[in-house]
Amino acid sequence: MPKSKQRASELATCDRCGANVRARGLGSHSKSCAKKEKERLEDEEFADIVRKAKKKELRRQRREIRNNLQRLEDAQSSIAVSATAIWADPDPDVEMQGSSPRQYPPVDHDAALPDFHEADFAPNEPDPGSNEPDPGPNKPNPELDDIKVEYHPHSQISSTVHHFSEFTRSRMTEHTVPRNNTPWEPFRTRLDFEIAEIALEAAMTKDQTNRLLDLVHRSASGNDKFTLQNHDEVRSLWNLASQRYTRFQNDTVSVPFDSEVHEFEMHYRPLWDWGLDLLRDKYLAPHFVFDAQRLSKFDGERFVRFIDEPWTADAFWNAQSQLPSDAKPLAYILYADKSKLSSFGTQKGYPIIARIANLPVHIRNNNTALGGGRVVGWLPIIVENQEHAKKKNYVDFKNAVWHTSFYQLLASVAQHSNTGYWFECGDGIQRRLWPVILILSADYEEQCIMALIRGLKGKFPCPVCLVPQDEQSVLATHEFRTRHQSEDVLRTARLKPSEKEKEAHLKAFSLRNVENVFSRVRHVDVHRALSFDRLHTNEEGLWGDHLWKEVKFWISDLGRDAAVKLDKNFDGLPRWPDLTHFSSVVAVDFTDGTVLGDLSKMIVFAAQDIFTSSRCKLGHLLLRCIRHYIEFDIYASLEVHTEHTIAAGRLAVQKFSEIMAPETLKNWNFPKKHLVSHIFDDIISKGATRNYSTKPNEKMHGSLRKIYLQRTNFKNVASQILHYDEWLLTSTSMRTELDELDEYYKRNTCDPETHEALDLDDTGEPESTTIHAHLGSRQGNHSFSDIMLSHGTDRAFTNFRMKLNGFLNGFLPQHNIPLPDGKCIHLRTEDMITVFHFLRVNYESIVDWRLHRDLLRCNPKFYGLPRYDCVIVKTADKPFFARLVYMFSCLIGNTDFPLALIHPYDVGIASSRRRRDNDMGLWRVRAKPRISSEIISVQSIIRGAALANDPETDGDYFVIHTVDTDMFLRVKALQDQPST
């Protein structure tokens with residue numbers, strides 16, 4: 001029957017599409033409609049997924065652009081080379097121009113520093129000739145500043161050459177999902193953890209914790225549940241959470257003495273297991289470096305090697321060479337020293353702190369985050385027995401207790417040092433790890449215990465070499481101690497028939513009759529692992545205990561007026577970030593090593609007009625000696641070393657040693673004077689001194705003291721302190737994971753840098769936020785008439801408006817910026833400029849090529865006092881120093897130009913005056929008449945500077961080149977230029 005003639009009773013309406021169909025076919029029709037509906041929904045869902053994926057890809061591209069910009073900056077900051085150029089450009093793309101008539105076009109500052117030829121490099125130093133470029137037939141010639149990376153042969157990675165802007169050390173990582181979606185477990189909720197975290201950080205007592213929890217329950221509201229009930233529950237949860245990391249063990253060690261066996265408690269985390277805790281962490285995985293590298297930078301003629309991290313130095317390379325070809329060194333840095341816990345020193349602790357040398361220094365030397373220093377052991381302290389005090393057998397007994405106890409910590413490492421250990425690291429790669437004790441960080445007294453030598457009064461008091469006791473003041477090379485030599489001496493001595501002969505043989509090498517624990521670990525030479533300690537040898541030793549005391553003696557000899565003048569000179573020195581400002585020094589007893597180090601950096605500037613050759617000849621000679629001490633100490637502190645800085649540092653040590661003995665009338669025959677001879681050998685072997693500095697470890701003593709005072713009952717304190725330390729480690733790890741989780745969710749909707757909501761419709765690339773100089777602390781708009789009214793008496797503002805007109809009319813055409821309407825600028829008295837009191841300058845250090853920042857003030861009332869900081873200004877001729885007078889921005893057309901009025905300090909200094917200043921290592925600058933002020937673009941400012949007034953000559957200043965290592969090398973470059 002035709003469809004048009006079908007009766008209505010035979011038709012039915014589809015509920016899905018509303019069509020009339022035959023009643024008998026309604027079922028199949030409905031299924032077809034349902035299928036089509038499902039496909040439509042799937043298509044819409046797919047389209048929505050694609051749309052979201054495009055938005056997500058857009059966000060990823062934005063993040064990648066920002067990351068690429070950051071990596072470009074990191075590439076410049078993650079490598080470091082020596083100061084092979086005088087005053088290198090902070091940024092080649094930054095306009096470094098100034099005022100007319102003085103011209104400030106961009107200039108090339110790659111003039112080389114003087115080369116210190118025929119440097120006395122140690123035998124293990126690389127042969128500079130081996131770095132000659134050999135590009136081969138199909139490889140392009142290297143370009144200036146290219147970086148060459150030579151990997152250890154066992155790595156089976158070919159050497160690579162990178163353009164400087166493309167070089168980076170960090171392994172590329174993708175943003176992945178968080179390691180843990182519930183990092184607060186075993187706490188039931190996030191709120192539970194965060195409340196418990198506060199209680200832990202504040203070291204709350206049981207009563208305080210219970211009161212806090214009660215208050216939270218009374219005020220709790222919202223979606224997040226709070227379930228903690230009392231302190232005991234919090235404590236049990238911290239104990240449960242602490243299971244994620246290797247916990248402390250407690251063993252009893254037995255050591256015989258005087259016909260008795262004495263027992264001591266040793267608390268420790270098995271060192272190998274602690275290292276594996278870090279290796280399995282996915283956050284730290286990209287930062288581990290397992291293969292030794294040799295890095296060098298092309299200076300136009302050859303590749304010059306530079307050293308900073310441990311794996312760029314020789315000891316790491318040599319250690320890997322001793323291992324099987326498939327093994328990777330896991331290098332430990334160990335520190336140990338006694339610490340006063342109570343105020344009066346009646347209660348002491350003896351922590352062992354460990355770090356992993358395979359991690360970069362910014363992670364490794366951090367004491368709060370995962371991957372930084374961690375207490376891994378607590379040595380027993382033997383109560384001094386006056387009956388046996390200072391007797392040889394009793395001293396040997398105490399050393400035996402130390403080494404027997406230390407072995408409990410090293411036992412797992414010693415075991416795996418024979419075979420290695422296959423382990424899947426946090427990056428999912430299985431490696432055959434081989435433990436190496438690369439560095440031992442300690443003060444001299446502790447080094448004597450580690451090396452088992454007899455110390456100050458021994459025939460050979462150095463733990464590193466065999467320098468005779470009466471030759472420690474002489475800078476000379478001596479035979480190095482070795483592990484095998486010490487073992488042979490001990491073995492031979494123990495075969496002697498009598499105690500007297502045994503003692504005589506050991507005494508001949510200044511060794512003790514105790515087996516060294518480090519000999520039980522393969523590939524470890526304790527004498528090579530022991531490292532120079534700047535804190536105790538230089539800052540608290542040569543300077544704090546000797547040179548500073550000599551200064552105070554001669555100040556006292558000159559009388560009260562000299563003491564008053566020294567205090568006044570110190571108080572008059574400019575303030576500088578991260579540098580202690582001293583209002584008085586003569587009557588103060590300084591004990592902090594960092595403060596003593598700051599004091600040494602300023603003493604020459606404060607005392608140079610007191611210790612004159614005419615008034616106090618010996619004081620003047622002492623100051624010359626201090627000058628050379630400061631130089632070699634700053635060279636030793638460089639974050640990165642090249643062949644040139646090592647040679648210069650050796651020369652500084654030599655000059656210090658030559659001048660100090662005959663010209664200071666002091667006996668310098670003691671170990672800390674001799675130990676400086678090993679500084680640069682250690683740098684070549686183990687990298688920059690910050691790799692083995694005791695300072696980060698000493699800082700941890702304060703936190704241990706705080707735990708003792710706030711979290712113990714002052715009885716059997718070791719277990720209580722270490723238990724609390726376990727909780728702190730756990731809390732730190734959980735907080736890191738929690739922040740990571742928050743960041744992951746935030747990335748989906750927020751800009752990863754500004755944390756502002758992303759505009760998903762905006763497809764433009766983000767602008768770079770790297771700005772060389774930026775004005776801040778806006779003070780509002782001021783007309784020229786108002787400025788002259790308030791500053792008219794200051795001669796620096798003479799013809800201020802006219803100077804600005806002249807500057808702009810020269811500056812704009814010079815930079816191809818059209819003048820408004822093609823006419824010269826003529827600012828009127830009623831025109832406005834915007835005044836600022838703060839300047840942030842980002843600059844590239846010529847020491848490590850990292851981005852550093854100076855915060856500068858130009859403020860008539862900064863914390864109640866006027867502060868006008870100084871700067872270095874770049875010109876087409878040569879840089880000069882100046883003082884900020886006024887900072888402002890001027891709107892021309894639609895462009896705001898950040899500018900500064902400066903007082904130049906660039907009057908020429910006579911050569912004879914320069915020679916006298918160089919005797920003290922000073923660089924003098926002289927101010928022009930104040931009316932000769934100039935206007936510059938703030939982009940022409942290289943960096944900030946601190947200048948000390950010369951009290952003897954009005955308008956003369958000394959550049960304080962000791963404020964940081966970058967300024968030190970900049971001034972050294974100026975001093976090394978030939979006189980004109």
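Analyst: About 90 Å³ of space lies in the second largest cavity. This is a predicted model, in which local features need pLDDT of at least 70, side-chain atom pairs count only at pLDDT 80 or more, and totals for chains, interfaces and linings use all residues. Residues are numbered from 1 along each chain as its sequence is written, and side-chain values use heavy atoms, with hydrogens and water left out.

User: What makes a space a cavity, and how is its volume defined?

Analyst: On a 1 Å grid over the protein atoms alone, a cavity is a set of points where a 1.4 Å probe fits but cannot get out. Grid points are joined across faces, edges and corners, and the volume is the space filled by probe spheres set on the points. The structure holds nine such cavities of 30 Å³ or more.

User: Which residues line the second largest cavity?

Analyst: Lining residues have an atom within 4 Å of a point. Among those of the second largest cavity are Ala196, Met204, His231, Trp238, Arg711 and Trp727. Helices H2 (190-201) and H4 (231-241) each supply at least two lining residues, and H4 gives the largest share, four residues. A helix here is a DSSP run of H or I with at least four residues, and a strand is a run of E with at least two, both numbered from the N terminus.

User: How many residues of this lining are nonpolar, polar and charged?

Analyst: Seven are nonpolar, two polar and two charged. Ala, Val, Leu, Ile, Met, Phe, Trp, Tyr, Cys and Pro count as nonpolar, Asp, Glu, Lys and Arg as charged, and the others, Gly among them, as polar.

User: What is the volume of the largest cavity, and which residues lie nearest its centre?

Analyst: The volume is about 110 Å³. Of the 15 lining residues, Gln447, Ser531, Phe532, Asp533 and Leu675 lie nearest the centre. By class, the lining has six nonpolar, five polar and four charged residues.

User: Why is strand E15 called largely enclosed?

Analyst: Buried means under 20% relative accessible area (exposed is over 50%, partly exposed in between; 1.4 Å probe, protein chains only). In E15 (residues 430-441), 11 of the 12 residues are buried, so the strand is largely enclosed by the rest of the structure.

User: What makes E9 and E15 a pair?

Analyst: Two strands pair if DSSP finds at least two bridges between them. Strand E9 (residues 327-336) and E15 have nine bridges, in the parallel sense, with Pro329 opposite Trp434 in E15. Strand E14 (residues 421-424) also meets the definition, with four bridges to E15, running antiparallel.

How values were computed:
On a 1 Å grid over the protein atoms alone, a cavity is a set of points where a 1.4 Å probe fits but cannot get out, and a pocket is an open set with protein on both sides within 12 Å along at least five of seven lines; lining residues have an atom within 4 Å of a point.
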